Amino acid sequence: MTTDDAQPPARRARRRPAADPPVALVTGASSGIGTATAVRLARAGWRLLLSGTDQARLDAVAARTGGRPLPADLAKPDGAQLLAEAALAAAGRVDALVAGAGLGWRGPFARTPADTLDRMLEVNLAAPLRLTRLLLPGMLERGRGRIVLLGSMAGQVGVRDEAAYAATKAGLTMFAESLWYELRGSGVGVRLVLPGAVETPFFTTRGTDYQRERPRPVPPEAVADLVHGVLTTERDRVFVPHWLGLPARVHGAAPGLFRRMASRFG
């Protein structure tokens, strides 16, 4: 998407009827942050399109929230295309994309399995970009919308033995930053949510438990509350918990000092 595609600031968005709730597509909705986000948005009156790979858990979340289950494998190159088509067929539009699906792996980069690396690149980075490219034109044409990207503190400062995961999340951060400049004045907002450790099945599925003393994992509901918050406010970048913004700023201002501190304190 280029700046030539954005609507000029003077164009007014067409209003939805008052009884027509906004539509959110949530990826990764079958567990963790995605499930918590679906529950939070359902309470706020959103109409939900829920994507995930575990059909049974996705159906359970859909039943709990009144959402529409749209199973999809975003690790496949055509996964995002098929999901976007299914979402538009189901609801006619998507007002907010919450890109919450993610995969991780922990260990020395040289030992990263090739297929695991490929899946992380597809799910964590390529799929959010592809979904945004497919859904953004409709948002721009309507003059409103939100793209919410679930990044990670790992993508802000780097983490030992998580080089590939951190790289995918750093790429998502730069995508959000660059797209923010493109979309200024269009009525479409880009939001970046940056959690540290979260109490989800993520660590189990990546193959190793969370082993650090700091930061302590937060509940997924804390992240979901902030996802809802950035959908309804102008905050475009939030850390979970909020104090993680401090080490991110230290890393940006003095990376050498940050590395020494990280090596000493973990």
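Me: At what angle do helix H1 and helix H2 pack, and how far apart are their axes?

Reply: The model is a predicted one, and the values discussed here are computed from it. Helix H1 covers residues 32-43 and helix H2 covers residues 55-65. The two pack with their axes 9 Å apart, at an angle of about 15 degrees. Because angles under 35 degrees count as roughly parallel, H1 is roughly parallel to H2.

Me: Which residues make the contact of H1 with H2, and how do they divide by class?

Reply: The crossing of H1 and H2 is right-handed. On the H1 side the contact is made by Thr35, Ala38, Val39 and Ala42, and on the H2 side by Val61, Arg64 and Thr65. By class, the residues of this contact divide into four nonpolar, two polar and one charged.

Me: Is H3 roughly parallel or oblique to H4?

Reply: Helix H3 (residues 79-91) packs against H4 with the axes 9 Å apart and an angle of about 40 degrees between them. Since roughly parallel requires an angle under 35 degrees and roughly perpendicular one of 65 to 115, this pair falls into the remaining class, and H3 is oblique to H4.

Me: Which residues of H3 and H4 meet, and what is the division of their contact by class?

Reply: The crossing of H3 and H4 is right-handed. From H3 come Ala80, Gln81, Leu83, Ala84 and Leu88, which meet Ala127, Arg130, Leu131, Arg133, Leu134 and Leu135 in H4. The contact of H3 with H4 divides into eight nonpolar, one polar and two charged residues.

Me: How are H4 and H6 arranged, and how many charged residues does their contact have?

Reply: The axes of H4 and H6 come within 9 Å and cross at roughly 15 degrees, and the two helices are therefore roughly parallel to each other, with a right-handed crossing. Residues of H4 in this contact include Leu117, Met120, Leu121 and Pro128, while those of H6 include Ala164, Tyr165, Gly171 and Phe175. By class the contact has 14 nonpolar residues and four polar ones, and the number of charged residues is none.

Me: What is the volume of the largest cavity, and which helix gives the most to its lining?

Reply: A search of the whole structure finds two cavities of 30 Å³ or more, and about 40 Å³ of space lies in the largest. Its lining is formed by Trp105, Gly107, Phe109, Thr112, Met120, Asp161, Glu162, Ala163, Ala164 and Tyr165, which by class are six nonpolar, two polar and two charged residues. With three residues, the element that gives the most to this lining is helix H6, residues 163-183.

Me: Which helix supplies the largest share of the lining of the second largest cavity?

Reply: The second largest cavity has a volume of about 30 Å³, and it is lined by Thr27, Leu74, Ala99, Gly100, Ala101, Val123, Ala127, Pro128 and Leu131. The lining residues divide into seven nonpolar, two polar and no charged. Four residues, the largest share, come from helix H4, residues 114-142.

Me: Where does aspartate 161 lie, and what is its phi?

Reply: Asp161 is among the residues that line the largest cavity, and it lies in the loop between helix H5 (154-157) and H6. Aspartate 161 has a positive phi although it is a residue other than glycine, and the value is near 65 degrees.

Terms used. Residues are numbered from 1 along each chain as its sequence is written. This is a predicted model: local features need pLDDT of at least 70, side-chain atom pairs count only at pLDDT 80 or more; totals for chains, interfaces and linings use all residues. Side-chain values use heavy atoms; hydrogens and water are left out. On a 1 Å grid over the protein atoms alone, a cavity is a set of points where a 1.4 Å probe fits but cannot get out, and a pocket is an open set with protein on both sides within 12 Å along at least five of seven lines; lining residues have an atom within 4 Å of a point. Grid points are joined across faces, edges and corners, and a volume is the space filled by probe spheres set on the points. Ala, Val, Leu, Ile, Met, Phe, Trp, Tyr, Cys and Pro count as nonpolar, Asp, Glu, Lys and Arg as charged, and the others, Gly among them, as polar. Axes are lines fitted to C-alpha atoms, for helices over the stretch in contact, and angles run from 0 to 180 degrees between N-to-C directions. Angles under 35 degrees count as roughly parallel, over 145 as roughly antiparallel, 65 to 115 as roughly perpendicular and the rest as oblique. A crossing is left-handed if the near helix is turned anticlockwise from the far one by less than a right angle, and right-handed if clockwise. Contact means heavy atoms within 4.5 Å.
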